[in-house]
Amino acid sequence: MSSVVVNKCEEFSLEISSIAPDKSISHRSAMFSMLACGTSEIRNFLRAEDTLNSLEIVRNLGATIEDDGEVIKITSDGIKESFEILDCGNSGTGMRLFCGFLSSANGHFVLTGDKYLRSRPMKRVTTPLRDIGAKLDGRADGDFAPLSIRGASLKAFNYNSKIASAQVKSCMILAALRADGVCTYTEPEKSRDHTERMLKGMGADIQVEGLKTTIAPMKELLSPLIIRVPADPSSAFFFAVAAAITPHAKITLQGVTLNETRIEAFKALERMGADITYEMTDDKYEPIGDITVKHAPLKAITVDDNISWLIDELPALSIAFACAEGVSVVKNAEELRVKESDRISTVVEGLSACGIETTEYEDGYTVTGGTLNSATVDSDGDHRIAMSFIIAGLRCGMEVTDLDCINTSFPNFFELLQKITKVEFN
Ligand code: S3P
């Protein structure tokens, strides 16, 4: 499947209970199970390329995995040297978290990924890890994969990160669990906190005070992780935008994590005028519930803080900007340039192709709301760009090319989309 033509849709009213399970939590579930004594049980694991790669890495590191299609049971008696090169595919989360996870493990490990991941910066994790004694290397002095890791003893640290990144934070928390003393990690802005929540839930000694996380080394193995992965708000958001931009549309997205670090894009859409309600139904490692979005006329907004809380949703939010009245502004978002694609360029180029006025800056862009025109947009191998422009097509019709990337995070995306509109694959 290399391209799709999406047709303009009519009003719809839908409840969706099968949004893809959360990618961040699925990666972590597979990996953290190896820190437990006993068998972890993961329900609703995301069976998409990125997270299945993490599961395969865990298997290659010696864990026993039983999978009956419903529950994935993971048992480990310690990290073993792998005969295989560990392939993270397209996933920055997989690669950066495994760097911290393996830095203190006994043995030698090689991490690689697809051509996109091998072009993404890794010094943000290899530098702080090397500073505490880790032995890592890679192309460009450790900035690009393939990366090799020789497990070593790690020194305790107090690290002040300049980047608000949950990947960097999680990498360093995983390293801290095996360091030779209590460690602190301070971030400039709070990033998503699944690592802290899940490891604490498993019994790790982790304290969070504002932007500072204090981690005591593990004295013993943790309790098994027993988790049902909630739906991914970043995936749900494509359908939230679909409802917000379609006159008279309404959608309820069920079983989504309502973690405040993950639903900022829904709050931004609310600020634009969309009618959104949240109903909490569960609260274990994460608050979980249903989000209902109803169309209303949209107005432009500025997004310039808490960027890490909506970093993955900015491409889809930009489609809402294009349908709003006025000029929307995104600032302080330079991190967008080092995602699965340079998302400042891919969003601006895609919207321009659809006849929308944009301005590009180093750390952001503006979008002047107007009329979206049908166009052909290439995803540049980035799943979130592909899905965002497919959603734009609900307004005007659209051809989107290079679609295989959607399988990295949302394999049933088209199945759900076909409840709203007609699509033709080429
Ligand atoms: C993720 C963190 C974010 C996000 C990515 C998943 C995670 O990256 O963009 O899709 O699971 O930790 P950064 O933490 O680098 O911003």
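Helices here are DSSP runs of at least four residues, numbered from the N terminus. With that in hand, welcome to this predicted model.

**Stop 1: the ligand.** Start by selecting the ligand, which takes up the space of the largest pocket. Now show the residues around the ligand: Ser 24, Arg 28, Thr 93, Ser 165, Ala 166, Gln 167, Arg 192, Ile 311, Asp 312 and Lys 339. By type, this shell divides into two nonpolar, four polar and four charged residues.

**Stop 2: where the shell comes from.** Colour helix H1 (23-32) and helix H6 (166-176); each of these helices supplies at least two residues of the shell. Next, colour domain 1 (3-21 + 230-425) and domain 2 (23-215), since the shell draws at least three residues from each.

Stop 3: Zoom in on Ser 24, where an N or O atom of the side chain is 2.7 Å from a ligand oxygen. Move on to Arg 28: one of its polar side-chain atoms also lies 2.7 Å from an oxygen atom of the ligand. Then select Gln 167, whose backbone has a polar atom 2.9 Å from a ligand oxygen. Taken on its own, the ligand has 380 Å² of accessible area, and the protein covers 96% of that.

**Stop 4: two backbone details.** Most residues other than glycine have a negative phi, and most peptide bonds are trans. Select Ala 140, in helix H5 (residues 139-142), to find a positive phi of about 50 degrees. Finish at the bond between Ala 145 and Pro 146, which is cis, with omega about 0 degrees. Pro 146 belongs to strand E9 (residues 144-150).

Terms used
Residues are numbered from 1 along each chain as its sequence is written. This is a predicted model: local features need pLDDT of at least 70, side-chain atom pairs count only at pLDDT 80 or more; totals for chains, interfaces and linings use all residues. Side-chain values use heavy atoms; hydrogens and water are left out. A residue is near a molecule or strand if one of its heavy atoms lies within 4 Å of it. A polar contact is a pair of N or O atoms within 3.5 Å; within protein, one must be able to donate a hydrogen and the other to accept it, and residues adjacent in sequence count only if both atoms are side-chain atoms. Accessible areas come from the Shrake-Rupley method with a 1.4 Å probe; for residues, only the protein chains shown count as cover. On a 1 Å grid over the protein atoms alone, a cavity is a set of points where a 1.4 Å probe fits but cannot get out, and a pocket is an open set with protein on both sides within 12 Å along at least five of seven lines; lining residues have an atom within 4 Å of a point. A molecule sits in a cavity or pocket if more than half of its atoms lie within 2 Å of its grid points. Ala, Val, Leu, Ile, Met, Phe, Trp, Tyr, Cys and Pro count as nonpolar, Asp, Glu, Lys and Arg as charged, and the others, Gly among them, as polar. Domain bounds come from an automatic or database domain assignment.
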